[in-house]
Amino acid sequence: MSVISEDNVRGGGSVFKDISADDDDWLPTEIESLCMNCYQNGTTRLLLTKIPFFKEIIVSSFSCDNCSWSNTEIQSAGRIQEQGICYTFKVKTKQDLNREVVKADSATTRIPELDFEIPPYTQKGSLSTVEGLLDRAVAGLEQDQAVRRAADPEVAVKIDEFIQRLRKLKEVESEFTLVIEDPSGNSFVENPSAPQKDEALTVSRFKRTAQQDIQLGIKAEDDLDEEEPPADNLEAMRNEVLVFRTNCPECNAPASTNMKLVQIPHFKEVIIMATNCDSCGHRTNEVKSGGATEELGTKITLRVTDSSDMTRDVLKSETCSVAIPELEFELGMAALGGKFTTLEGLLKDIKDLIVSKNPFICGDSSTSDRVQKLADFGAKIDMIMAGEMDVHVILDDPAGNSYLQNVYAPEPDPEMTTEKYTRTLEQNEDLGLNDMKTEGYQEED
């Protein structure tokens, strides 16, 4: 039985280690616990480990020698993300059932075609596939069917019919939709087409509600009553760097975030937030638009012809998508958040997101074709940053709040075009503008 040392508990070292078959000293912690099947004593094994390029996890496995019942679970030990995440996956073929899925216990799973929903915290977190999620749902519904048939036969018959509908989904006779919505941001659905865009998978991020923060343990219910509206002193904020306490997004140690209102020449006012961690040295910045949504969307196209283009300033808002047609690459809005950086910094962040931090390019989940494909993509990004490959970088922001530096300003830039366009109904829906009422909102319908 392994024991967590006092040094680790006090911060002398990490209790989470990389998965390795060569480390004989790192054994699971064994705990005697009650078997919920036969109510005799069984054994629970806990392993604190790290999935490369993903996060820390706790793997637990229970086995009972008396009745041979066993169970395995996975729990996230990493930090809660800044925003929640929602995956919408269109399952069209049987091959799609093999997509790997990391489902946190705080995630809600829905299949709209069947009006079926698995609420949060009703299942433990799991690392599975789409087919595995369906099998687990069927097993959960079948669990108490024997009791239902005796107590309420009509309900049992309806549940049997619904179970057959769930099982029929695995035949994929018709397309269906799988939605995984996780306010903690710790769920994940595999994209086998990476770094290319997956047409069947839509990823969106959202701001958590106060109730979701309470469920995740971020806030206490008493905090809702104690919160006071902040003072609205815009002039003081323009001349002052505001500092507030937060946690490092990399190591979760206490850190400070600086916030400042900045006027960008030939553009508009934005809010820049920068975090610097003294513990691990990690630095990050995020940009929020200081103004309203523009009447027209903006599409900026830059033809990269020289390495000097890498020094251009870039303001990418959360609503801006990035495309590089020569690489058949498209990055959706909110994927990298809002950033104020250079073109080189933006390309580095894209490479880190698609290649370095992809959780399915190593271990048992990886395939040689996928690893080689991502390695080639990373090599092409390096060639672009070195000025060895001419490409077009397109920033498409339906909110009109993104900016790419014109080094010839105030004269036109011969390598850059800026296009204003009218947003579509779908883009207005994504921005929340269709249902927004700015005049007469106090009047009753």
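A: In this predicted model, 5 strands make up an open sheet whose order is β9-β8-β11-β6-β13, with antiparallel pairing. The edge positions belong to β9 (116–118) and β13 (201–206), and because each of these has a single partner strand, one side of each is left without a neighbour in the sheet. From one strand to the next, the twist averages 15°. In general, the strands of a sheet pair through backbone hydrogen bonds, in either a parallel or an antiparallel manner.

Helix α2, spanning residues 130–142, lies across β6, β8 (108–111), β9 and β11 (176–182), and its direction makes an angle of about 85° with β11.

As for the setting of this sheet, the secondary structure of the protein comes to 10 helices and 25 strands, and 36% of its 445 residues are buried. Of the contacts in the protein with a separation of 6 or more, 61% are accounted for by residues 24 or more positions apart. The protein exposes about 26,000 Å², of which carbon and sulfur atoms supply 48%. One nonpolar patch on the surface is formed by Leu 34, Met 36 and Tyr 39, which together have about 350 Å² of accessible area. Tyr 39 lies in the loop between β2 (29–34) and β3 (41–50), and Tyr 39 counts as exposed because its relative accessible area is 54%, where the cut-off for exposed is over 50%.

Conventions:
Residues are numbered from 1 along each chain as its sequence is written. This is a predicted model: local features need pLDDT of at least 70, side-chain atom pairs count only at pLDDT 80 or more; totals for chains, interfaces and linings use all residues. Side-chain values use heavy atoms; hydrogens and water are left out. Two strands pair if DSSP finds at least two bridges between them. Helices (H or I, at least four residues) and strands (E, at least two) are DSSP runs, numbered from the N terminus. Axes are lines fitted to C-alpha atoms, for helices over the stretch in contact, and angles run from 0 to 180 degrees between N-to-C directions. Contact means heavy atoms within 4.5 Å. Patches are made of residues with over 30% relative accessible area and no salt bridge: like charges are joined within 9 Å, nonpolar side chains (Val, Leu, Ile, Met, Phe, Trp, Tyr) within 5 Å. Accessible areas come from the Shrake-Rupley method with a 1.4 Å probe; for residues, only the protein chains shown count as cover. A salt bridge is a side-chain nitrogen of Lys or Arg within 4 Å of a carboxyl oxygen of Asp or Glu. Buried means under 20% relative accessible area, exposed over 50%, partly exposed in between (1.4 Å probe, protein chains only).
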